[in-house]
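My notes follow in the order in which I looked.

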Amino acid sequence: MLRKHLLATTTAALSLVCALPALAQESPAPLKVKAVEFTSTPAPATEMEMATGYTRSEAIVTLEDGTKKTFPLSYRVLHRSGDYMKGWYAGLVVDKKGEPIMRTAPDSKGNVAVGPFAAAGADASSMLVIPNAKVDGVKGHTVFLINHLEYDTEGKNADPSKPPVDLYGQLPMAMNLTVLDQDPKTGILTPIKLTNVDFSSVDGLWIPCNGSTTPWMTHLGSEEYEPDARFYENKPLEAMNLYLGTVGKTAAEGGAKPYQYGHLVEVTVQPDGSTKVAKHYAMGRLAFELGDVMADQKTVYYGDDGDDVIRAMFVADKPGDLSAGTLYAAKWVQEQASGFGKAKLQWINLGHATNDEIKAIIDKGTKFSDIFETATAEAVKADPAKHAGFKAIYVYAGTGGKTTTEYLKVKPGMEKAAAFLESRRYAALRGATTEFTKMEGQAHNAADKKLYTVISYIRKSMIDGQNEARPQDDIKLTGDEKDLTCGAVYESTLIGGQKDADGKPISSDWVAADMNALVYGASQPKDAKSGKYDKCDTEKVANPDNVRFSEAMRTLFIGEDSGNHLNNFVWAFNVDTGKLARIFSGPAGGENTGLSVYDNVNGAAYITGNIQHPGATEDLGKYPPEVKDRLRRMVDERGAVGYFSGLPAMVRATPRS
């Protein structure tokens, strides 16, 4: 289906909802609001509802004078994978020269997929307002959208007698830049031009997951599930070799270097519509879900996706400049085991670096074995004196690697390389907590100085009594595992005057001091009236992923990536009333991604939201035949980039101090 739509003409544009600072131009004044409440969209009850995305929610807005206005939401698609738009195809995967990749390297089973490839994995979206923009010599289009293509799902096998090829991690990936026309009366957005962002200056892009819009109006993207440099030390990293034109070569032979990938990526859109790209090597190397920049424009929190991962914080040297700073990892100091847990956080200083310093380490061909000495458990036990300084750690190793107990010791003088290229392993060696599972989205509430962190699935290492071979056990949550596996959103208080674990001041007033469960799921009740196939309560959040906060609406928006809800939902959680409302139901097998909120974009408010891999075999394969066969055939399997329309620009009537 993807191949067919790659050659199709563009589909009708639909819309997204986001909120950005208004331009200095004539546009409707934002409404001054006291409160915003969303009505709930009912869960899908028919096959057609299960197969499509829809919203039936309204925003009930209480104005400064106490009167109320109601605004129906509408979900609109801007483009789907393979759509053709003014000379380019949405989601097209290309090499360093900008040419479509037509063939993958053989996978571990020898399978080869044939292209062209239009990725169905639409992920992060950033809506950027660029004053005085002039695209193709034409003024007036000042709204741009950057969206990630995290991965393609499956491709046609070069051997027609064999099944499709799983393409996850088999291709370099892309970001699309869309120029948008904004109707000044309705706020409806129409795509008028689409291109790929050029990543040739930074050796290509690896598995871009979620992202965010910085306070200075750039896009901060991510590279998730970093290649394990231990595994790829003498093996070719073929996905990125496809991009570089070095297929079959190891890093030592001139092929892709694993340390080139697994970083946060900043994209700046210029007034002429061109882009400038920077990888922020100084911010560490992890399975980045995203980075969220606080209101001080210095402090950044990360999602580190996977099992046995860390919670990290970066404090830049200067506001608005992420090219240099200090990296920290958290220690969970548990205060409560029940109710999804409660803890204080201590911060361990991993070191300070600049982009140039770390890039120089990468460019000279530094390998895993240059950074660490390794040993086996048997060797350490047999001769402890000879192996003094080795420490056992158990962390997510990265793509290709095996998560198991490792005995490591940093080689003399390689501490900076370890901290910023092997951030998770180094954090473990320094004593940071490494038992977090599926740490996903991050968002902040500037008025209340609160941080929201997603733990999408709570399992194994986070549960009391299930630590197994892990050498430390900081997190020990109790409760019904059927509830815990539905995940939670945690809230942290952000404060200043904090010191790190060594007693040195942390140069930020936005340091997370604790973690407390705020919104969480539960197992499906036996008498549930909806969600026939759901394992987690259909009327509660299940396996949250994307989160974004609206200052004007006082609402935390939550998008799901759940294997426990057949249809993934987007929720609106009012932080003042505690009310939770479902505002969108996605098609079966699809993940709700690209969630961002913009309170004022030239007189309109938007919530962006994408649909990733709808109808995916991996997601629907575990369901009974009426779902994995019949229902799946009803789903449009192209990824969608879109938004919620219908909201006016808003500002808080009485800003909170």
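I began with strand E21 (residues 288-293), which in this predicted model runs antiparallel to E22 and is joined to it by five bridges. Asp292 is the residue I found opposite Tyr301 in E22. The two strands make a hairpin with five residues between them, and in the turn I noted Gln297, whose phi is positive at about 65°.

On its pairing with strand E24 (residues 312-318), E22 is again antiparallel, here over three bridges, and Val300 stands opposite Phe314. I then asked how many residues of strand E22 (residues 299-304) are buried. The count is six of six, so the strand is largely enclosed by the rest of the structure. In a regular strand the side chains alternate between the two faces of the sheet, and I therefore checked each side separately. Thr299, Tyr301 and Gly303 are buried on one side, and Val300, Tyr302 and Asp304 are buried on the other, which leaves both faces of E22 covered.

Next I looked at an open sheet of three strands, ordered E27-E29-E28 with antiparallel pairing. Its edge strands are E27 (372-375) and E28 (391-394), each of which pairs on one side only. Neighbouring strands in this sheet are turned by 45° against each other on average, with direction ignored. Between E27 and strand E29 (residues 405-410) I recorded four bridges, and Thr374 has Leu408 as its bridge partner in E29.

For helix H11 (residues 625-634) I listed the buried residues, which are Val627, Leu631 and Arg632. Viewed down the helix axis they fall within an arc of 105°, so they line one face of H11. What do the buried residues of H11 pack against? I found helix H2 (47-51), strand E13 (154-157) and helix H10 (617-620).

I ended with the aromatic rings, for which the count is 18 pairs.

Two charges over rings complete the entry: Lys235 lies over the face of Phe231 at 4.6 Å from the ring centre, and the charged end of Arg582 sits over the ring of Phe569, 4.4 Å from its centre.

Key. Residues numbered from 1 in each chain as written. Predicted model: local features only at pLDDT ≥ 70, side-chain atom pairs only at ≥ 80, totals over all residues. Heavy atoms only, no water. Buried < 20%, exposed > 50% of the residue type's maximum accessible area, 1.4 Å probe, protein only. Arc of directions from axis to C-beta. Contact = heavy atoms within 4.5 Å. Phe/Tyr/Trp six-rings, centres within 6.5 Å; stacked < 30°, edge-to-face > 60°. Lys NZ or Arg CZ within 6 Å of the ring centre and 35° of its normal. Pairing = 2+ DSSP bridges. Axes fitted to C-alpha atoms, helices over the stretch in contact; angles between N-to-C directions.
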